[in-house]
Amino acid sequence: MYKDVIITVDNPRQFLMEGTDDPDLKPEQACFQVFIEKNDGDFTECSSCSRSLAESLSDFRSRTRTHYWRNKLQFILACLGCSVGLGNMWRFPYHCHKSGGGIFLIPYFLVMIFCGIPLLYLELAIGQFTKRGPISAISKLCPILKGKRIRVGLSSVVTSFFVSVYYNVIIAYTLYYFFSAIQNQPPWVHCNNRWNTHQCWTTGFNTTRPLDSRSPTEEFYNLKMLQITKDPNTLGNVRWELAVCMFVVSIVVYFKLWKSTESSGRVLHLTATLPFAMLAVLLVRSLMLDGAEIGLEYFLFKLRWELLLDSKVWVSAVGLNLSSIGIAFGLVISFSSYNRYNNNIMVDTVTISLINGVSSFAVGLFTFATLGNMAKEYGKPVEEVLPDGPGIVFILFTKVLSTMPYSTYLSMLLFFMMFCLALNSEFAIVEVIVTSIQDGFPRAVKKYLACHELLVLVVCCASFLLGLPLITQGGTYVFQIIDYYTSTWSVIYIAFFEVIAVSWMYGGNKMAADIERITGMKPLWFFKFSWYITTPLSLMFVWAFSLTDYEPPTYMNGTRNFPTWVHIIGWSMVMISLACIPIMSVHTFLHSEGKTFYQKLNRSIKPRSNEFGELPMASKDNLKEMATLIECKAPQIPPIIVFPETVKNSKYNNL
């Protein structure tokens, strides 16, 4: 329960208007700020806004968090389940395979040290001390990246929406594999299925191995699930089985988020840890396969050093680091906003980064140990066993599972865990999108959608409909293009402006001082140096070199090129994301107070709060923002406003 907060004012108008930066704001439109003290001694910072003074005592919404993670383990598991787990198990094998194998580890870990870890620490600090999501957090630190209606998080939200579209496809794949495994013998174990060709061969198949032989796991993925077309110019028909799976995924996401319910911590303990346990089992099994040493030698010792001069490898390393940790998508800021002020950020940063690095290396060992086994079995070089593509992990997982006892049950367990792992990511991404739309376009949402449930429905339906082209017979080509452009180019751009906004505009030294003031621990000099120098320079150089040395992505190990229209789709998605930041910056600058260029620039860069973690005073933009917030679930007692003329002969005279 909360204690009553008594506020006595002599001048109601002066009280309501104090600190307001809009001289035309009427008293009945103003906001006031209070702190509500809970019995445990913590303070929950709330701001209330009303259309009239009478309504202000009963109708207000909280901007800050009233719920916290139960413990540090739950927070770590949430971060691992929503970013690290799926990012490593699905994306890392794909990017490592197409980037030359073990040589990819060098740029990957260098980028992690000088970009990933400093950015993770920064986003954890931003969310924890502002107690806001990605939309409001950065805009409070640097208003020029906000705008009246378009927010700084719009670029992240647009990119996150594109990611949510193809995450739906990935989840549909896992669901399809789960249902396909429910039989006495999974269909990817043998070559006696109707879709198998004469090229299908396995060691248990009593025929002579063809020269151009393929594994049944590869044919199941390409010929059964995808029914892939040979010509990328032809999309073909929609795979109705995948469409049904994706529809089920959309329904699950909708009913999970339509009331903004919170995930159970006990469920997180299962869905976020069991996939890593399964990965450990698969890794041990892959290392025991015949020919695993061939793949490990290629991965660890036969390094193609010339690829370090290829900008595409560095772009993949940066994009994979940011996506695997969850940087620039708003997930880390959202999760950390539910941490307490005195939470040790350094412990979270080291733990998440260490697990991310170890799991990436483990997935790399598993990938190339399995490829080595397939290389020996089919008489091919390691780099030519499988064509590059986002589905390589499904082929490798089923290959190892087919060699294990109780493969049916283990397959069902693995793909169910991957299904839960991917759903955690999708829940978080869609929640960020929905909340961002509510914050950024409150009037439009209220006018056309009326309620939160309808907004969630619109987002889920849009994600489902835009995902249909990706599950056509030729949709995998479009899928690869979207993954390449949105998960690498866009996130690098967003991360660059994020670190510039905080370190150079808000101030890296001020950020460090705020962290020390609240947590009692001074950040390492490495983080400040990275925020100011190494991180923005690294992101800028990778971005610049990738543009000057740009080569269109290819498929089938570089032997085939995508058609022009596919690249147009990819670049259009990038430009939609990139255009948000300059447009909103110019808009904010032109509408800032001041007559000269310097005055407008200073006003648009100056933070909206005096101290990091405090709410700004009232403004028109702040009113719009607070009017669209999700209601606090914990009961709150509004402050009692007592004016002098009403307190005569009352019990408050002695206050």
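Which residues does UniProt place under the feature "binding site"? I looked this up before turning to the coordinates, which are those of a predicted model. The unreviewed UniProt entry gives Gly-81, Val-84, Asn-88, Ser-324, Asn-356, Leu-421 and Ser-425.

**Entry 1. Overall.** I noted 22 helices and six strands in the protein chain. The chain has 655 residues, and 59% of them are buried. I then checked the contacts with a separation of 6 or more: 80% of them join residues 24 or more positions apart.

Entry 2. I took Ser-324 from the UniProt list of "binding site" positions. Ser-324 lies in helix H11, residues 311-325. Its relative accessibility is 0%, so Ser-324 counts as buried, the limit being under 20%. I listed its contacts, leaving aside neighbours within four places in sequence, and found Ser-83, Val-84, Gly-87, Asn-88, Tyr-108 and Asn-356. Val-84, Asn-88 and Asn-356 are also among the positions in the UniProt record.

**Entry 3. Ser-353.** I looked up Ser-353 in helix H13, which runs over residues 345-378. Ser-353 is buried, with a relative accessible area of 6%. Not counting residues up to four places away in sequence, Ser-353 touches Met-112, Ile-117 and Leu-120.

**Entry 4. Nonpolar core.** I asked which residues have the most contacts inside the largest nonpolar core. They are Tyr-173 and Met-511, in a core of 167 residues. Helix H18, residues 475-519, supplies the largest share of this core, with 19 residues. For Tyr-173 I set aside the neighbours within four places in sequence; the contacts left are Tyr-221, Met-225, Leu-226, Leu-242, Phe-394 and Leu-470.

**Entry 5. Trp-489.** I stayed with helix H18, where Trp-489 lies. Trp-489 has 2% relative accessibility and counts as buried. I checked Trp-489 against Gly-319: the two are 170 residues apart along the chain, yet their C-alpha atoms are separated by 7.2 Å. Beyond the neighbours within four places in sequence, Trp-489 is in contact with Val-315, Tyr-484, Trp-543, Ser-546, Leu-547, Tyr-550, Trp-571 and Val-574.

**Entry 6. Cysteines.** How many disulfides does the structure hold? I found one. Cys-191 and Cys-200 form the disulfide, with their sulfur atoms 2.0 Å apart. The torsion about their S-S bond is about -75°, so the disulfide is left-handed. Both Cys-191 and Cys-200 are buried. I also looked up Cys-245, which is buried with a relative accessible area of 7%, and Cys-420, which is buried with a relative accessible area of 12%.

**Entry 7. Helix H9.** I compared the length of H9, residues 274-287, with expectation. At 1.5 Å a residue its 14 residues should span 20 Å, and the end C-alpha atoms are 20 Å apart, which agrees. I then listed the buried residues of H9: Pro-275, Phe-276, Met-278, Leu-279, Leu-282, Leu-283 and Ser-286. These residues cover an arc of only 155° around the axis, which puts them on the same side of H9. The general rule I had in mind is that an α-helix has 3.6 residues a turn, so residues three or four places apart point the same way.

Key:
Residues are numbered from 1 along each chain as its sequence is written. This is a predicted model: local features need pLDDT of at least 70, side-chain atom pairs count only at pLDDT 80 or more; totals for chains, interfaces and linings use all residues. Side-chain values use heavy atoms; hydrogens and water are left out. Helices (H or I, at least four residues) and strands (E, at least two) are DSSP runs, numbered from the N terminus. The expected span of a helix is 1.5 Å times one less than its number of residues. Buried means under 20% relative accessible area, exposed over 50%, partly exposed in between (1.4 Å probe, protein chains only). The arc is that of the directions from the helix axis to the C-beta atoms. A disulfide is a pair of cysteine sulfur atoms within 2.5 Å. A nonpolar core is a set of buried Ala, Val, Leu, Ile, Met, Phe, Trp, Tyr and Cys residues joined through side-chain atoms within 4.5 Å. Contact means heavy atoms within 4.5 Å. UniProt positions are given in the numbering used here, feature names are shortened, and annotations may be inferred rather than shown by experiment.
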